[in-house]
There are 2 protein chains.
Amino acid sequence: MSIHGKTMLPYIVRKVFEIQHKLYQQQIRACSTGRLQEALKIEEEQEFPKINEIKQPEESSFYYPVDKKFKHDPDIGEQFSYSQLRVRLAGPHQLQPKPEADDLQFGKLFTDHMFKVAYHKRLGGWQVPEIMPLENLVLHPAAKVLHYAVELFEGMKAFRGVDGRIRLFRPEMNMARMNASAQRSGLPTFEPEEFVKCISRLVSIDQEWVPHTESASLYIRPTLIGIEPTLGVASSESALLYTILSPVGGYFAGNSGTSTGVSLLADPQYTRSWPGGVGDRKMGSNYAPTIHVQKEASKQGFQQVLWLYGDDHQLTEVGTMNIFVLLINDRGERELVTPPLNGLILPGIVRHSILNLAREWNQVKVTERKITMAEVKKLVYENRVLEMFGAGTACVVSPIERIFYMNENLLIPTMENSDAVWRTMRNTLLDIQYGRVKHPWAIEID
Amino acid sequence: MSIHGKTMLPYIVRKVFEIQHKLYQQQIRACSTGRLQEALKIEEEQEFPKINEIKQPEESSFYYPVDKKFKHDPDIGEQFSYSQLRVRLAGPHQLQPKPEADDLQFGKLFTDHMFKVAYHKRLGGWQVPEIMPLENLVLHPAAKVLHYAVELFEGMKAFRGVDGRIRLFRPEMNMARMNASAQRSGLPTFEPEEFVKCISRLVSIDQEWVPHTESASLYIRPTLIGIEPTLGVASSESALLYTILSPVGGYFAGNSGTSTGVSLLADPQYTRSWPGGVGDRKMGSNYAPTIHVQKEASKQGFQQVLWLYGDDHQLTEVGTMNIFVLLINDRGERELVTPPLNGLILPGIVRHSILNLAREWNQVKVTERKITMAEVKKLVYENRVLEMFGAGTACVVSPIERIFYMNENLLIPTMENSDAVWRTMRNTLLDIQYGRVKHPWAIEID
């Protein structure tokens, strides 16, 4: 066989599978209700465990008050409201072609429209909110965001459900966290409900960008930046709140996040956050210092960083996710452990939801407590660590296979168990997000 | 007397003094050499202590290697050079009126031109550097700088000397620190000398913006931001290095920084940096988390924050400055103490210069060591703290008068001593910066 022949055959086989997969996805889309969907659902249920009966879990308190009556600082000025929203639609020539859902990478492509609202203290507060064609931002080179990292963001997703409807997942929690980040950054707060309505309208306008598949979604990036054009480390009296949308597949290139687990570098010389800092806010300043460390981890062949804190090497986060450990405790029980919200850890919405679900499910003991590398290591030696996984909006649940810590590889058997808790959690969340079950966490936006 | 009369009189008096001061400054300008200048110099020497004979101090090693042969990462690509610089001058209608030197606030006004050079990895590295009329930056809303704080900066000054010539102060140290910040941020490094030449050219072009007075200077803000328009916490493969200029008076509004000392809030619940973090780099991410704390301090009536670290409440920095304490040690010697460069502290160039000068001066013992609030408190009680001051580019040396710590006011007699060390250091540095003495640290740019 020629070299040409050698390379062509696998290519053709792959292409056939690709086309098959696309047809299969199109069938799902076509049959938003009906027999096929039911059949697929049963198939999935056989394949992956789920929590069969999802009740509305009793809410444990979230870190930030999720409350419609948000308490703004007294000098904040005028709020913006959805009723003021102006919409300027892109012309036909401005519309971009939609990508194939299978080709999506994380955060590389953006939709046709964006949302934008400015804040100027000297003009009385928030200005008129607007949806417009996606455009560049024009910033003074002294804008505070460019010098002092006066910036924060949120990560949300819109899902196209099996019924064709588009849903957000607990958006009120993102809003509560975003306002908390704003207060900590000296930036103006906003009315949570009004902003959710504006975001929903934006997603509606770009609804054809919400992928028609359950392997992808539309990532939503609300962003708040300080744009006052003066040097000097101080509150920004002008700000810009905007939102862009990006259709996304898996977060990690070449890894759907569930076929194999990720490998972690746990190097105690690096710290993500510290007491008296802002590790519990989604501020830009928490991320820049991690890039170099992530690069180091990649160079050494690891996919993510396991962030440790303190002389006792407490686990805090993994990459940009919260971390969970399923272990067998001293009383022989299966215990699902995640570090507590002590200021070092981002209060994740997927984290919170997993805690809600797992407590409702009641099949494992659920604990928010400190867990150290010494404990993990000891339990790995005794075969008592069953699973480890990350949890976050971008990848939902991401299983962990290996940790490199103090010149030692700790193998975690996360992928070895067919009825793993991480799969149960992941599939239950996906069921809610893609509307396979009715649940109050999933908000239909149309 | 009428109310009108009551308010008018001080106004007139102040105006007379202002006009006198301006005339006085103009005289200095007019007489770049000559008798008046000599006379003034003698007057000043009588008024304020200085180190009379400044030799070139023996260099103690700076934190970052200050070396012409900077070691770039191998995949950095092409460097930019001064010889490539393109200059596009502002038209006459684009030129702004220059402000009165006495009216200057910190960082509110900018000059007519800026410097800009882009980096694109896929285009082979650094692009063509350019000086152009000051203009807004156009950034994609997904630019990494706006989400993950991929940004860093430097603070430098150009001084108009008593001889009318313009000088920079140890610019090679800013460049070394900036490259170190870039490496830690996953941003591209540059050739230090080439960038200094470009900055010098920019200052030359806007030379009429360098205030004609020794109470003001031209602040230089080199800035490096990551502009790759993709979400995902990772190195930015595109970047923008730019420089803007701002004529500045004192850093603190309504306080020249030397007539009265500043008051500090020392609240151990807030931390500026921590081991394993980036407190020793001039990255934007170090500043955003401090704004809220500074706001708190202001609300409580304090001018600056004294940053503490650890359970023993070590002093680290004050506001955005390094901190010095002059005390009488257990051996009865005057000892000038500053915290060591242990990763928690920005390696300040003024800090380094004060250490150089004080060691050369040899009138006080000079120590880089940990100092805690317990020690400061004890020594204040025993009247053994003589002075405390901040040191930084923006305010050179800033005396401290009071620290509020754990519900207690600690009064520091910094302002009470007429031949204070802080004045000696400040005046010696100003002598060098304004060319009253010849010194290799002051680089003439024209």
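Me: How much area do chain A and chain B bury between them, and what share of it is on carbon and sulfur atoms?
Reply: About 5,000 Å² gets buried between chain A and chain B, with 62% of it on carbon and sulfur atoms. Keep in mind that this is a predicted model.

Me: OK. How many residues does each chain put into the contact?
Reply: Chain A gives 61 residues and chain B gives 61 residues.

Me: How many salt bridges and polar contacts run between chain A and chain B?
Reply: The salt bridge count between the two chains is zero. For polar contacts, there are 28 residue pairs between chain A and chain B, both residues being at pLDDT 80 or more.

Me: And which element of chain A gives the most to the side that touches chain B?
Reply: That's H6(A), with seven residues. Several elements of chain A supply at least two residues each, among them strand E5 (137-139), helix H4 (171-184), strand E10 (238-248) and helix H6 (288-299).

Me: Let's go inside. Which residues have the most contacts within the largest nonpolar core?
Reply: Those are A:Leu139, A:Leu146, A:Val203, B:Leu139, B:Leu146 and B:Val203, in a core of 128 residues.

Me: Take B:Leu139 then. What does B:Leu139 touch?
Reply: If you skip residues up to four places away in sequence, B:Leu139 touches A:Asn136, A:Leu137, A:Leu139 and A:Leu146 from chain A, plus B:Val145, B:Leu146, B:Ile225 and B:Ile227 from chain B. There's also a second, separate core of 35 residues, which includes B:Ile51, B:Leu326, B:Val396 and B:Leu430.

Me: Zooming out to chain A, how many helices and strands does chain A have?
Reply: Nine helices and 20 strands. Of the 446 residues in chain A, 58% count as buried. Looking at contacts in chain A with a separation of 6 or more, 74% come from residues 24 or more positions apart.

Me: Pick a pair of those strands for me. How do E18 and E19 of chain A run?
Reply: Strand E18 (residues 396-405) and strand E19 (residues 408-411) of chain A run antiparallel, joined by four bridges. A:Ile403 has A:Leu410 in E19(A) as its bridge partner.

Me: What about the turn, which residue in that hairpin takes a positive phi?
Reply: A:Met406, with phi near 50 degrees; the hairpin of E18(A) and E19(A) has two residues between the strands. Most residues other than glycine have a negative phi.

Me: In chain B, where does B:Arg170 lie, and what is its phi?
Reply: B:Arg170 has a positive phi near 45 degrees. The residue lies in the loop between strand E8 (166-169) and helix H4 (171-184) of chain B.

Me: Is B:Arg170 buried or exposed?
Reply: B:Arg170 is buried, since its relative accessible area is 2%. B:His313 also has a positive phi, of about 55 degrees, and sits in the loop between strand E12 (304-309) and strand E13 (314-318) of chain B. At 14% relative accessibility, B:His313 counts as buried.

Me: New topic, charges. How many salt bridges are there over all chains?
Reply: The structure holds 46. One of chain A's examples pairs A:Glu375 with A:Arg369 at 2.9 Å, N to O. A:Glu375 is partly exposed at 25% relative accessible area, and A:Arg369 is partly exposed at 23%.

Definitions and conventions
Residues numbered from 1 in each chain as written. Chains lettered and ligands numbered in written order. Predicted model: local features only at pLDDT ≥ 70, side-chain atom pairs only at ≥ 80, totals over all residues. Heavy atoms only, no water. Pairing = 2+ DSSP bridges. Core = buried A, V, L, I, M, F, W, Y, C linked by side-chain atoms within 4.5 Å. Buried < 20%, exposed > 50% of the residue type's maximum accessible area, 1.4 Å probe, protein only. Contact = heavy atoms within 4.5 Å. Buried area = accessible area lost by both parts, 1.4 Å probe. Salt bridge = Lys/Arg side-chain N within 4 Å of Asp/Glu carboxyl O. Polar contact = N/O pair within 3.5 Å; in protein donor to acceptor, adjacent residues only side chain to side chain.
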